[in-house]
Each structure stands twice: as structure tokens, then as C-alpha cells.
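Subject: Structure handover

Hello,

Here is the structure I promised to pass on. Please open it and read the notes below alongside it.

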Amino acid sequence: MPSPRPSRPRIGLALGGGSARGWSHIGVIKALAEMDIEPDLVAGTSVGAIVGSIYGLDALEAFEEWVMRLSRRDIIGYMDLGFSSGGFFEGKRLVKTFREHFGEARFEDLRLPLGVVATELETGLEVWLRDGGLPEAVRASISLPGIFTPVQHNGRWLVDGGLVNPVPVSLCRAMGAERVIAVSLNGDLVGRHIRRPRQPEVEEEAVDPNWMDRLSAGIREHAPWLKVPPMPQLRGGDPTPGLLQVTANSINIMQDRITRSRMAGDPPDMLISPRLSHIGLLEFDRAAEAIAEGEAAVRRMAPALQDLFEV
């Protein structure tokens, strides 16, 4: 009598942080599903927490349609200035939008276990959020220092989980994963040019040639005490990096180094690294490019994924 076939290992999906590049997580999840690889649990940091929670709510398709419609004008509308509160932006409009689409969702409402990573500001401790309200947990996890204001949660000030665990492999394992697929959004960032020119978009460019410069202009208007200068020109016509670009690229460097260190001690069983250096930290309007690259990254790893999961 043949022995019974062993059951499939419990799969964890670790979705890393990377702001706008995180829309590629949508493409990764879709491509994995096409290979009949579906996670049993998800852990997310920053934008990984957003996509992980949407996936757990079974609303990924509707969410993809929404992000595909985002324009730079929409994104500027979500950026509520909050200099007196520890960051450029309050993030209240983002949370309001989340609640409008998904209500007062809680971790208990998800169809699969989800863990969200944040960082305690005072102590630097890694915080794992696994119960309670989803909007509050996600808002804490996306609080990039200097960009979004910190969040007070259960008496603690929390900021972005990418400070301590940009790709939460360890949380997946702690939640019971036997095989971990990790998605890192920062692998090809350091050492590249600060910004690769985007393809011209006639309608959008007529409205907003460079929305990050526009944000800098808004900062100068609303918070002149910060003395944010206009973008000067270097010899050869190259602009000096602006305030937001310097902040964004500093975060890129930090998260790349922390990711390398964490994965050296706790490597995933499979690492998927979309090539996203051409997408800026706050260019959330480039969802189509990010999602397509997420799908392509899975296809590049398809043979290894098939060997690992025997699909």
C-alpha cells in the first residue's frame, strides 16, 4: 500500500517596504496565484502591510483598479501637511480613504493570518501588530520618519517597520510558516542615479511636470521657517537633489542595508526582487509599471518556485 503523500508546507509571504514600489506586491501575488502558489499567512512592512491587508480582505482586484487610476494630482490631494506633528504629512486622509473603502476592518476579519511590523520610536523595538483595527496598524507601519507623522498606538509612538525589519521573514516564521517567500523592493536601488526620467505623459505633464518639486514649493509656502530652497542647477544642468529626494534616497540606503543584514541571519526560502529603481519613493501614480514588474519578477523565478513547491 503506497504511503500517503506529505501535505503541502505552510507558506508565508513576507511583503517588504518601499512606498510606491510596493504596488509591485500586487503583481507578485497575482503571478504566484497563476502558479497555484497561495500563501497561508502574510507578514507586511509599510506598503507591504497595506497590500497584505487588502489581500486578506479579498479585495485585491478592486484595490488594483483603484491604484491604476491614481494620478499625481490625486496623490497630492492625499498629502496633508503636518510639520508641527513630526513629519511632512499627517496621513489622516490616507486612513480616511482606507476606511471609506473597507470600513472599520479588523485583523479578525481577514481570511488568513496577517502580521504587521512597526517600530517603537522611543526604544527602537520591533513591534508586531496582529489584532485590533487594521487602519491603525497599517498607518503605524507606513510612518516613514520625516515623511509621515508617527502614530500613537496603545500608549506607544510607532513609526515605519522598515527601520527594523524591512522584509519581515522572521515574523512569517514566528507565525508558523514552514516555507517563506520574501519580496524585497530595495535590492537594486543603492548606487543608481537618484532619479531616472519617466516617460512623458502629455495630460499629466501639462498639469504637473514634477510633483515632488511642487510639494517642495508647497513646503516653502506653508512652512517658510524650514527654508527649503528651490531646485538649483549644477554645472551641466543637473539639478541638486531636493529635500524630499534626499530624504527618500536616505531611506532607500537605510532599508537596503538593514534588509541585507536581516536576511543574512534569517534568509527566506525564496527571494523575489522586482527591479524598481526607476520608480521614486512617492511616485504612487506608476502602479501599472510596478505591478507589471512584480509579475515579471515572479516569472523570472518560476523554475526555482516550481522546484521548491513542486507545482
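The buried residues of helix α1 are Ser-24, His-25, Ile-26, Gly-27, Val-28, Ile-29, Ala-31 and Leu-32. Buried means under 20% relative accessible area, exposed over 50%, and partly exposed in between (1.4 Å probe, protein chains only). Eight of the 11 residues of α1 are buried, so the rest of the structure largely encloses this helix. After α1 comes Asp-36, with a positive phi near 65°. Helices (H or I, at least four residues) and strands (E, at least two) are DSSP runs, numbered from the N terminus.

A word on provenance. This is a predicted model, in which local features need pLDDT of at least 70 and side-chain atom pairs count only at pLDDT 80 or more, while totals for chains, interfaces and linings use all residues. Residues are numbered from 1 along each chain as its sequence is written, and side-chain values use heavy atoms, with hydrogens and water left out.

Overall, the protein has 12 helices and 10 strands. Buried residues make up 54% of its 311 residues. Of the contacts (heavy atoms within 4.5 Å) with a separation of 6 or more, 77% join residues 24 or more positions apart.

Back to α1 and its partner. Helix α1 (residues 24–34) packs against helix α2 (residues 47–56) at an angle of about 45°, and their axes are 9 Å apart. Axes are lines fitted to C-alpha atoms, for helices over the stretch in contact, and angles run from 0 to 180 degrees between N-to-C directions. α1 and α2 are therefore oblique to each other; angles under 35 degrees count as roughly parallel, over 145 as roughly antiparallel, 65 to 115 as roughly perpendicular, and the rest as oblique. From α1, His-25, Ile-26 and Ile-29 meet Val-47, Gly-48, Val-51 and Tyr-55 of α2. By class, that contact has five nonpolar, two polar and no charged residues. Nonpolar covers Ala, Val, Leu, Ile, Met, Phe, Trp, Tyr, Cys and Pro; charged covers Asp, Glu, Lys and Arg; the others, Gly among them, are polar.

Now the sheet. How many residues of strand β4 are buried? Seven of the seven (residues 114–120), so β4 is largely enclosed by the rest of the structure. Leu-114, Val-116, Ala-118 and Glu-120 point one way, and Gly-115, Val-117 and Thr-119 point the other.

β4 has these pairings (two strands pair if DSSP finds at least two bridges between them):

- β2 (residues 41–45) runs parallel to β4 over four bridges. Val-42 has Leu-114 as its bridge partner.
- β5 (residues 126–129) pairs with β4 in the antiparallel sense over four bridges. Thr-119 stands opposite Glu-126, and Val-117 has Trp-128 as its bridge partner.
- β8 (residues 156–160) pairs with β4 in the antiparallel sense over three bridges. Glu-120 has Leu-158 as its bridge partner.

β4 and β5 form a hairpin with five residues between them. Gly-124 in the turn has a positive phi of about 80°. Side chains alternate along β5.

Best wishes
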